[in-house]
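Take a moment to turn the model around before reading on.

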Amino acid sequence: RALPSVSFTGSLSFLRSLRMMRLFSLFKFERYARSFNLLARVFAAKSSELTIAGFISLVLLLMCSSVMYLCEGGQKGAGGAPSAAFGSIPAAVLATVPAMLGGGFGPPVATVPGAVASLVIPFVGVSLLAMPTAILGAGFVEVRAGRRRARRGASRARLSPLRILRL
């Protein structure tokens, strides 16, 4: 009679996961804990401004996509078929995002108003990226200034003349 075979693959995968956990120690996350805490404080302090900037970004994206749809929506693409890139506003959103973020020019346009719009849209995209960048930059300045004020206040409290006279 044959003995049943025993498989150790389940236990070996557990040992492999332990080895993977060792890899995380190489990253030394505790070294960056202060930086992550600072970033979290900035996001918490500026969450309302970032939400408004995100909403404005979505509105501008829909406006730019609508403009491209109105300029290029009825145009025929290659082979006389309607252009799939601007066939609807959601399709125009997908075609406008690369142009707004500067990653590409989007699909080719066939009309002069579409070409003018495709020249203006990247500038709108740059301003969309500049808004949250400026908000976060101001948040870092405010959080760092608050830290400095707290340190100065603590050092002044330690060395205040009244405290020295009480001693």
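Accessible areas here come from the Shrake-Rupley method with a 1.4 Å probe, and for residues only the protein chains shown count as cover. By that method the protein exposes about 12600 Å², with carbon and sulfur atoms supplying 70% of it. Before going further, a word on what you're looking at: this is a predicted model, where local features need pLDDT of at least 70, side-chain atom pairs count only at pLDDT 80 or more, and totals for chains, interfaces and linings use all residues. Residues are numbered from 1 along each chain as its sequence is written, and side-chain values use heavy atoms, with hydrogens and water left out.

So what is the protein built from? There are 6 helices and 0 strands, and reading along the sequence gives the pattern α-α-α-α-α-α. (Helices, H or I with at least four residues, and strands, E with at least two, are DSSP runs numbered from the N terminus.) Of the 167 residues, 19% count as buried; that word means under 20% relative accessible area, while exposed means over 50% and partly exposed is in between, with a 1.4 Å probe and protein chains only. Now look at contacts, meaning heavy atoms within 4.5 Å. Among those with a separation of 6 or more, 64% are between residues 24 or more positions apart.

Let's zoom in on Ser65, in helix α3. Is Ser65 buried or exposed? Ser65 is buried, with a relative accessible area of 0%. Setting aside neighbours within four places in sequence, Ser65 is in contact with Ile89, Ala92, Val93 and Thr96.

Leu38 is another one to find, this time in helix α2, residues 33-45. Leu38 is buried too, at a relative accessible area of 11%. Not counting residues up to four places away in sequence, Leu38 touches Phe140, Val143, Arg144 and Arg147. The C-alpha atoms of Leu38 and Val143 are separated by 7.8 Å, though the two sit 105 residues apart along the chain.

Side chains of opposite charge can pair when their charged atoms come close. A search of the whole structure finds 2 salt bridges, each a side-chain nitrogen of Lys or Arg within 4 Å of a carboxyl oxygen of Asp or Glu. In one of them, Glu49 meets Lys46 at 3.9 Å, N to O. Lys46 counts as buried at 9% relative accessibility, whereas Glu49 is partly exposed at 32%. Lys46 also meets Glu142, at 3.2 Å, N to O. Glu142 lies in helix α5 and Lys46 in the loop between α2 and α3, so this pair ties together parts that are 96 residues apart in sequence. Through shared partners, Lys46, Glu49 and Glu142 are joined into one network.

Finally, the surface patches. These are made of residues with over 30% relative accessible area and no salt bridge; like charges are joined within 9 Å, and nonpolar side chains (Val, Leu, Ile, Met, Phe, Trp, Tyr) within 5 Å. Ile52, Phe55, Ile56, Val59 and Met63 make a nonpolar patch of about 470 Å². Ile52 belongs to helix α3, residues 47-72, and is exposed, with a relative accessible area of 53%.

There's a positive patch as well, formed by Arg34, Arg144, Arg148, Arg149, Arg151 and Arg152. For charges, Lys and Arg count as positive and Asp and Glu as negative, while His and the chain ends are not counted; the place of a charge is taken as NZ of Lys, CZ of Arg, CG of Asp or CD of Glu. Which helix gives the largest share of the positive patch? That's helix α5, residues 112-158, with 5 residues.
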